[in-house]
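Student: I have a model open and some terms to sort out. Can we go through them one by one?

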Amino acid sequence: MTELYQALSDLNNIKFSAYRTAMKLRRVQKALRLDLVALRSLVEVFREPELQQGEHVMDVVEVIHGLTALYEKLEEERSILVNIPLCVDMCLNWLLNVYDSARNGKMRVLSFKMGLVSLCNADVQEKYKYLFHQVSASGGLTDQRHLSLLLHEAIQIPRQLGEVAAFGGSNVEPSVRSCFRLAPGKPAIEVSHFLEWMSLEPQSMVWLPVLHRVAAAESTKHQAKCYVCKQCPIKGFRYRSLKQFNVDICQTCFLTGRTTKGKKLHYPIMEYYTPTTSGEKMRDFAKTLKNKFRSKQYFTKHPQRGYLPVQSLLEAESSETPCSSPRLPHADTHSRIEHYASRYVGSVCCLLCGGLRDEDQYLLRHSSPALDHDSPCGQHMMLAHLEHQDKEQLQCTLARLENENRVLQSEYRRLKWKHEEAASVPMLTEAGEPGSPTAGGTQDEELLAEARVLRQHKTRLETRMQILEDHNKQLESQLRRLRELLLQVQQR
């Protein structure tokens, strides 16, 4: 598992978060052999009585039992040799990393199903239907609370990879509201509403359909030459410019941002993960011809959105969605950091939609209705407001943590001094006579226990301070990049 996660760092040079996340999950999927597991096999394993209630809490023994049955069934159905102990260990480790980071040895049945169904080998629509039925009532309807549960379990997967900020953060309430807009005024939605919403590829779930496109593109070859690296044929994704004739880019060059010297790729772009047909070639030629006569202002006013954006600015921390595992002492800090990152991602997307087009939304194949955007001046004011507010909150948090650290250090020194003083004084018996170690020994043990607790708390605080300092540096680098983007937009 350690080797697997180290190998995932090779994909960090992909600049589009949806594809970076999907390609990491594809490697995990292959390592766990879940790319060979059919949904029907999972359904048979899930028929166990204890796996019928989504909110039932499983322990590690139950999880191991379910995974062992799954891999034994895989070996039998596929007639292949599977290292069952290794696969069970790896899959258990991954599920605990995602849904039980505190390592309490507990996870909900819904978490277990979400992790396995997301990475199994099945049509994406079938996955949507199955997952919806896990949180729907007997009438086939689900309310906002149960949909929140489902989306909360789903967002834990990119969160474990450190990519949650790009998908709206860990707060799923904006996604729930977005889905329920398809059934205005109704307290519950049907599976058709959920499938329609998922077909728009909402921001919080866009990584799942992209994962399926990544899997489909792996075996695809395109009879075309890459404009940048000259690879022919192009393997995997193929990106065709709809602004320039005969400009095709391979997935490595496009996703990592490689370009030829002195030449720049112009948007819009069409992505293909299956071989192109003659009809698609003619359609692309007609679109390119039209775009040749369109100005830059036209593309600025008519941006194509790749997924359904979910507005998730800083909202109340209280949510009906329960945590899969108990909150850690630093969970509140992490939540704030995710919200800050989400706000910055949102502002970056707004800027790029206004002028620059180098984000995921412009290469995802399906488009959703474009949104109206403020002027560059309004964007600049919004960015300045976010910068001032977030830096102020971070500085307050840092100051509070430093103050707590000072208090703890002084308390630690006081306890240490008391302990040394108690050790130097002769131990007294209950009658006042020296020689009984009971009272002094008990006091020493209490002092040592208290000192250990304080040391642990001090270490946690120092870790939190380091996290906040690192995040502050990241925010400053993002701000510098946003200022550069603003300057480029204004110059245009």
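This is a predicted model: local features need pLDDT of at least 70, side-chain atom pairs count only at pLDDT 80 or more; totals for chains, interfaces and linings use all residues.

Student: What makes helix 5 roughly perpendicular to helix 8?

Tutor: The two helices pack at an angle of about 105°. Angles of 65 to 115 degrees count as roughly perpendicular. So helix 5 is roughly perpendicular to helix 8. Their axes are 8 Å apart.

Student: Which residues meet there, in helix 5 and helix 8?

Tutor: Trp94, Asn97, Val98 and Tyr99 in helix 5 touch Glu153, Gln156, Ile157 and Gln160 in helix 8. By type, this contact has 4 nonpolar, 3 polar and 1 charged.

Student: Why is Glu55 called partly exposed?

Tutor: Its relative accessibility is 43%. Buried needs under 20%, exposed over 50%. Glu55 falls in between, so it counts as partly exposed. Glu55 sits in the loop between helix 3 and strand 1.

Student: How do you know that Asp248 and Arg238 form a salt bridge?

Tutor: Their side chains come to 2.9 Å, N to O. The cut-off is within 4 Å. So the pair qualifies as a salt bridge. Asp248 is in strand 8 and Arg238 in strand 7, so the bridge ties together parts 10 residues apart in sequence.

Student: Why are Asp248 and Arg238 called buried?

Tutor: Asp248 has a relative accessible area of 8%. Arg238 has 5% relative accessibility. Buried means under 20%, so both count as buried.

Student: What makes Arg240 and Asp248 a salt bridge?

Tutor: The closest N and O atoms are 3.7 Å apart. That is within 4 Å, so Arg240 and Asp248 form a salt bridge. Arg240 is buried too, at 12%.

How values were computed:
Residues are numbered from 1 along each chain as its sequence is written. Side-chain values use heavy atoms; hydrogens and water are left out. Axes are lines fitted to C-alpha atoms, for helices over the stretch in contact, and angles run from 0 to 180 degrees between N-to-C directions. Helices (H or I, at least four residues) and strands (E, at least two) are DSSP runs, numbered from the N terminus. Angles under 35 degrees count as roughly parallel, over 145 as roughly antiparallel, 65 to 115 as roughly perpendicular and the rest as oblique. Contact means heavy atoms within 4.5 Å. Ala, Val, Leu, Ile, Met, Phe, Trp, Tyr, Cys and Pro count as nonpolar, Asp, Glu, Lys and Arg as charged, and the others, Gly among them, as polar. Buried means under 20% relative accessible area, exposed over 50%, partly exposed in between (1.4 Å probe, protein chains only).
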